[in-house]
Amino acid sequence: MGDSTATADLDVALEKHRTELTGYCYRMLGSSFEAEDAVQDTLVRAWRSYDKFEGRSSLRSWLYRIATNVCLDMLTAGNKRARPMDLTESTPLAQAALAPRPDHTWLEPVPDARVLPTVGDPAEAAVAKESIRLAFMAALQQLPAKQRAVLILREVLAWKASEVAELLDTTVASVNSALQRARATLAERADASPEGAVSDPLDEEQRKLLERYVKAFEGYDMTALTALLHEDAVMTMPPFDLWLRGPADITGFMATLGASCAGSRLLPVQVNGLPGFAHYKPDPENGGFVPWAVQALELSDGRITGFHCFLDTKRWFPLFGLPLHLEAEAGEVEQGG
């Protein structure tokens, strides 16, 4: 009887850390699905080798050590996930062509609830949220894997240099030096957080901006939409490598290649610490609405600066717990509510 109780207790103790470990692995890997695999692997390894865990460190730091090793192993292939604007120049609308790249190319979106544990301290919660935003995540992906781990542990999770050194089996001096190099790389990419202006929770101005956006998008009113977009606003649509800059090209694309999105429905979602929407477009064959994209919006100074549409709905909608069909009435009701 003792054994089964101990096993159940261990399961509960390990499970308590799942969300924060998923957040850590997501920041390391840039993929929501790989992060979940890495955490599963971490918990299985911890479970199997628990009898060797001597309690010299806390269970939490032991789990982070295992998770770090799992992520470093997964990153040895050297794959860096990116956003479309990290890979190519923007395309003028006249040359817009939709060329997909393989899944492993792209930085993936993640639902906030899967990677942000509930914490009492608002400042800590704000840092955690900022550190999963798309621009910061893309900047992290540019760092060598060990520097990435050091930066996340020190700056996001607020570990002491000595704790990180112990976790990585290295010296405090080498941790400090890795952190300096990582900070320098991020500083060079000063564009790493142009959307830092998203407050948490959203302020009144940002809520009104989103309400106007929903109205403009659902009404497919390009004039109203143009007024909400920053002059340097960027639109991306992974898995396509095309990206567009500026209201004229973005609304021009929506009015031509994207014209079938007229009459769409948007349902709010929390994605990558940003306001977002599940975008359903009309289903002419069966009525109602079908999934089209998970949108993540970057806001700054009362305008939309980033409009990121993740189109692989078979992967994203189940991950966000979203239905794969909306009835026409339900769409109307949900939006009104």
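Colleague: On what basis are residues numbered and features counted here?

Modeller: Residues are numbered from 1 along each chain as its sequence is written, and side-chain values use heavy atoms, with hydrogens and water left out. Because this is a predicted model, local features need pLDDT of at least 70 and side-chain atom pairs count only at pLDDT 80 or more, while totals for chains, interfaces and linings use all residues.

Colleague: What distance separates the end C-alpha atoms of helix α9?

Modeller: Helices (H or I, at least four residues) and strands (E, at least two) are DSSP runs, numbered from the N terminus. The expected span of a helix is 1.5 Å times one less than its number of residues. Helix α9 has twelve residues, 145–156, and should therefore span 16 Å; the distance between its end C-alpha atoms agrees, at 16 Å.

Colleague: Which elements do the buried residues of α9 pack against?

Modeller: Buried means under 20% relative accessible area, exposed over 50%, and partly exposed in between (1.4 Å probe, protein chains only). In α9 the buried residues are Gln-147, Arg-148, Ala-149, Val-150, Leu-151, Ile-152, Leu-153 and Val-156. With contact meaning heavy atoms within 4.5 Å, these residues pack against α2 (18–29), α4 (59–75), α7 (122–130), α8 (134–140), α10 (161–167) and α11 (172–188).

Colleague: What is the angle at which α4 and α9 pack?

Modeller: Axes are lines fitted to C-alpha atoms, for helices over the stretch in contact, and angles run from 0 to 180 degrees between N-to-C directions. The contact is made by Tyr-64, Thr-68, Leu-72 and Leu-75 of α4, together with Ala-145, Lys-146, Arg-148, Ala-149 and Leu-153 of α9. The two axes are 10 Å apart, and the packing angle is about 150°.

Colleague: How many disulfides are found in the whole structure?

Modeller: A disulfide is a pair of cysteine sulfur atoms within 2.5 Å. The sulfur of Cys-309 lies 8.3 Å from the closest cysteine sulfur, in Cys-261, and is therefore too far for a bond. A search of the whole structure gives a count of zero.

Colleague: Which cysteine has the sulfur nearest to that of Cys-71?

Modeller: Cys-71 is buried, because its relative accessible area is 0%. A search of the whole structure finds zero disulfides. Cys-71 is accordingly in no disulfide, and the nearest cysteine sulfur, 3.6 Å away, is that of Cys-25.

Colleague: Which residue stands opposite Gly-276?

Modeller: Strand β4 (residues 274–282) and strand β5 (residues 289–300) run antiparallel and are joined by seven bridges. They form a hairpin with six residues between them, and Gly-287 in the turn has a positive phi of about 75°. Opposite Gly-276 stands a residue of β5, Ala-296.

Colleague: Which residue in the turn between β3 and β4 has a positive phi?

Modeller: β3 and β4 run antiparallel, joined by seven bridges, and Arg-265 stands opposite Tyr-280 in β4. β4 is largely enclosed by the rest of the structure, because eight of its nine residues are buried. The hairpin of β3 and β4 has two residues between the strands, and the one in the turn with a positive phi, of about 50°, is Asn-272.

Colleague: Is Arg-83 buried or exposed?

Modeller: Arg-83 lies in the loop between α4 and α5 (84–87). Not counting residues up to four places away in sequence, Arg-83 touches Trp-106, Leu-107, Leu-134, Ala-135, Ala-138 and Arg-189. Because its relative accessibility is 10%, Arg-83 counts as buried.

Colleague: What separates the C-alpha atoms of Ala-255 and Asp-221?

Modeller: Ala-255 is found in helix α14 (residues 247–255). With a relative accessible area of 46%, Ala-255 is partly exposed, whereas Pro-247, Ile-250, Thr-251, Gly-252, Phe-253 and Met-254 of α14 are buried. Ala-255 and Asp-221 are 34 residues apart along the chain, and the separation of their C-alpha atoms is 9.5 Å.

Conventions:
Pairing = 2+ DSSP bridges.
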